[in-house]
Amino acid sequence: MSADKTEKALPRRSARATKLPAARLLPPSLAGDRSLPYPAIGRELAELRHQIPGVHGCVLGGVDGLLITHNLQTEVDPNDLAALAATTFGLGRQVGIRLGQGDFQQSTVRNQSGYLSVYAVSDQALLAVVGTDAVNVARLHLHAPGVAGRLAALLSRVPTEV
């Protein structure tokens, strides 16, 4: 068997000179910060879990992947979920950069038996919400940004060390 010499070579991808934004320094982690208003944060997470049937719980994590706090009602390790939220954020951030669509806002992953939605809270924090396959995702997307905004306001009142 000999190769047909009439076949055309497939086009190759050539290197592009793409100007990427400069790397940004991450602010200090909020994980373990004792000055956070944990009772108020807990109320916001509980309100979201109770307003949306099918939500198993929420994780507030840093963009660095470290857990700040959670109210999960499942056997899922909240530390793992905080790390997954940061990974989702990283991917979403790169998509926004490459497509010129701006900063990360939200991403939802649907699996066979449920959902994971990750919302930007601030430059330092992410809200991850775990739900069953029966969760009303549209309703979640209506309520979660408001919760994320209130969480951002709570976190902005925290003095940060530089």
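**Note on the predicted model: core, strands and surface**

1. The core comes first. The largest nonpolar core has 26 residues, and Ile-41, Leu-48, Val-121, Leu-127, Val-129 and Leu-151 touch the most other members. Such a core is a set of buried Ala, Val, Leu, Ile, Met, Phe, Trp, Tyr and Cys residues joined through side-chain atoms within 4.5 Å. Buried means under 20% relative accessible area, exposed means over 50%, and partly exposed lies in between (1.4 Å probe, protein chains only). α1 (38-51), β1 (55-62), β4, β5 and α3 (137-156) each give two or more residues to this core. α3 supplies the largest share, eight residues.

2. A word on the basis. This is a predicted model, where local features need pLDDT of at least 70, side-chain atom pairs count only at pLDDT 80 or more, and totals for chains, interfaces and linings use all residues. Residues are numbered from 1 along each chain as its sequence is written, and side-chain values use heavy atoms, with hydrogens and water left out. Helices (H or I, at least four residues) and strands (E, at least two) are DSSP runs, numbered from the N terminus.

3. Now strand β4, residues 114-120. Six of its seven residues are buried. β4 pairs with β3 in the antiparallel sense over six bridges; pairing requires at least two DSSP bridges between two strands. Tyr-115 in β4 stands opposite Arg-110. Two residues separate β3 and β4 in a hairpin.

4. On to β5, residues 125-132. β4 and β5 run antiparallel and are joined by seven bridges. Gly-114 has Thr-132 in β5 as its bridge partner.

5. How many aromatic pairs does a search of the whole structure find? There is one aromatic pair. The ring centres of Phe-89 and Phe-104 are 5.5 Å apart and the planes stand at 90 degrees, so the pair is edge-to-face. Rings of Phe, Tyr and Trp (its six-membered ring) pair with centres within 6.5 Å; planes under 30 degrees apart are stacked, over 60 edge-to-face, and the rest tilted. Phe-89 lies in helix α2 and Phe-104 in the loop between α2 and β3 (106-111), so the pair ties together parts 15 residues apart in sequence. Phe-89 counts as buried because its relative accessibility is 12%. Phe-104 is buried too, at 8%.

6. Last, the surface. Val-95 is in helix α2 (residues 78-99). At 38% relative accessibility, Val-95 counts as partly exposed.
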